[in-house]
Amino acid sequence: MVDIKVLDKIIKETISAIEKSQEQIYAIAESATIEYQNVKKDLEKVKNQIAKVIKEVDLLQLEERKARLRLVEVRRDFRRFSEEDIKAAYENAQLIQINLVKLREEEKTLRFKRDHLELSLRRLKETAQRAEQLVSQVGVALQFLGHDLNGLSEKLGDLHDMQQLGLSIIRAQEEERKRVAREIHDGPAQSMANIVMRAEFCLKLLEMNPGMVKGELISLQQLVRQSLNDVRKIIFDLRPMVLDDLGLFPAIKRYVEEYKNQFNINVELVLLGSERRFETSLEVAVFRIIQEALTNIRKHAKAQHVVIKLELITTRINVYIKDNGCGFDIETTKPKSDGSGYGLVGMRERIQLLKGAMTISSAPGKGTEISFWIPTDN
Ligand SMILES: Nc1ncnc2c1ncn2[C@@H]1O[C@H](COP(=O)(O)OP(=O)(O)OP(=O)(O)O)[C@@H](O)[C@H]1O
Ligand SMILES: [Mg+2]
């Protein structure tokens, strides 16, 4: 069996771990976006710088051409130009060339920087997009865990309870079948074997001493009547037909009447509220519980007086059963290894199954009180 508490813990931890990573992903998305804006600004700046440098290079190239022409001119016509002039032209051309080399170098560096910035810009955009995607995917996962799995342990718990309940229902059914088989075996089956023997005896008497047959037939008739009664009682215990035909109040009234006559125990039955019909499972449950309580009183309590109160109100049935018998210790009473002692357990299970509740109070020498209620609207 899965340990439900462990499962619950795992789900909660998973949810909190995912929530934490969701926060981290948010942070990544946010910083990627900020970084993206900064890089974009830098890139603009570098592009402007490049444009400026290109302009400067163009200008300088023009100046360089002019300087070179000047140099050619002063060299060719050295009668018109002094040595000073030649030197100045030479130095000017050289200076311009140096500047040009510097500027070209600067342009190269700026282009390299631009390419690099463009690449980071593309990467940052991808990161931000992917982080946003992840955030929404994680959101979906969280929703699933939060809504669909949070109730899982509860569902598993319910399932476990239902399984246990199913098992005890099967066990109760088997017990019931054993009990019915025993009753038929001890009662009607034996009487009938007896009847067959008596009938054979009558046949023989008819030949040997016909005068005795009448008396014998009368006792045979009584025997048949007795076993018919036994069979009726077994059928009544199995499924009181009045319950199906007339409902809870008449079925309980009839059962209590029979019980009083048969066992000589005084039962005071109080029925409150206007009689109405309920789900079969509910009517059978209430009937069976009262039946089991009365059987326990007959078997164990040695009581002279029993009070049963049955109250029907709008939303539920309240039942109270009290005897003045010997009572028992609830704490130490447990089902026995011979398969008996499931009466009280069965009562409780039936009530639980119908979402009601039961309390038993009893103590040796103090009698026993059982009260339970079952909701009528589910
Ligand atoms: N009204 C009562 N008065 C005194 N003792 C009781 C009463 N009801 C139950 N008990 C005690 O509680 C025990 C458990 O009752 P429960 O109905 O569960 O089992 P059981 O009657 O012994 O067997 P089963 O009902 O399975 O045939 C009984 O054996 C008896 O000792
Ligand atoms: Mg019992």
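Colleague: Why are H6 and H7 called roughly parallel to each other?

Modeller: This is a predicted model. In the model, the axes of H6 and H7 cross at roughly 15°. Angles under 35 degrees count as roughly parallel. H6 and H7 are therefore roughly parallel to each other.

Colleague: How far apart do the axes of H6 and H7 come, and which hand does the crossing have?

Modeller: The axes come within 10 Å. The crossing of H6 and H7 is right-handed.

Colleague: Which residues make the contact of H6 with H7?

Modeller: From H6, they are Leu 248, Ala 251, Ile 252, Tyr 255, Val 256, Tyr 259 and Phe 263. H7 brings Glu 283, Val 286, Phe 287, Ile 290, Gln 291, Leu 294, Thr 295, Ile 297 and Arg 298. By class, that is twelve nonpolar, two polar and two charged.

Colleague: What makes H7 and H8 roughly antiparallel?

Modeller: Helix H7 covers residues 280-301 and helix H8 covers residues 343-353. The two pack at an angle of about 160°. The cut-off for roughly antiparallel is over 145 degrees. H7 and H8 are therefore roughly antiparallel to each other. Their axes lie 10 Å apart, and the crossing is left-handed.

Colleague: Which residues of H7 meet which residues of H8?

Modeller: On H7, Ala 285, Arg 288, Ile 289, Glu 292, Ala 293 and Asn 296. On H8, Gly 343, Leu 344, Met 347, Arg 350 and Ile 351. The classes are six nonpolar, two polar and three charged residues.

Colleague: How many cavities of 30 Å³ or more does the structure hold?

Modeller: One. The largest cavity has about 30 Å³ of space.

Colleague: How do you know which helices line the largest cavity?

Modeller: Look at the lining residues. They are Ile 252, Tyr 255, Val 256, Phe 287, Ile 290, Gln 291 and Leu 294. Helix H6 (248-263) and H7 each give two or more of them. H7 has the largest share, four residues.

Colleague: How does the lining of the largest cavity divide by class?

Modeller: Six residues are nonpolar, one is polar and none is charged. Gln 291 belongs to the lining, and Gln counts as polar.

Colleague: What lines the second largest pocket?

Modeller: Asn 229, Arg 232, Lys 233, Ile 235, Phe 236, Arg 239, Pro 240, Met 241, Val 242, Arg 254, Glu 258 and Gln 262. The space in this pocket is about 310 Å³. By class, the lining has five nonpolar, two polar and five charged residues.

Colleague: Which helices supply at least two residues of that lining?

Modeller: Helix H4 (213-238), helix H5 (241-246) and H6. H4 has the largest share, five residues.

Key:
Residues numbered from 1 in each chain as written. Chains lettered and ligands numbered in written order. Predicted model: local features only at pLDDT ≥ 70, side-chain atom pairs only at ≥ 80, totals over all residues. Heavy atoms only, no water. Axes fitted to C-alpha atoms, helices over the stretch in contact; angles between N-to-C directions. Parallel < 35°, antiparallel > 145°, perpendicular 65-115°, else oblique. Left-handed = near helix turned anticlockwise from the far one by under 90°. Contact = heavy atoms within 4.5 Å. 1 Å grid on protein atoms, 1.4 Å probe; cavity = no way out; pocket = protein on both sides within 12 Å on 5 of 7 lines; lining within 4 Å. Points joined across faces, edges and corners; volume = space filled by probe spheres on them.
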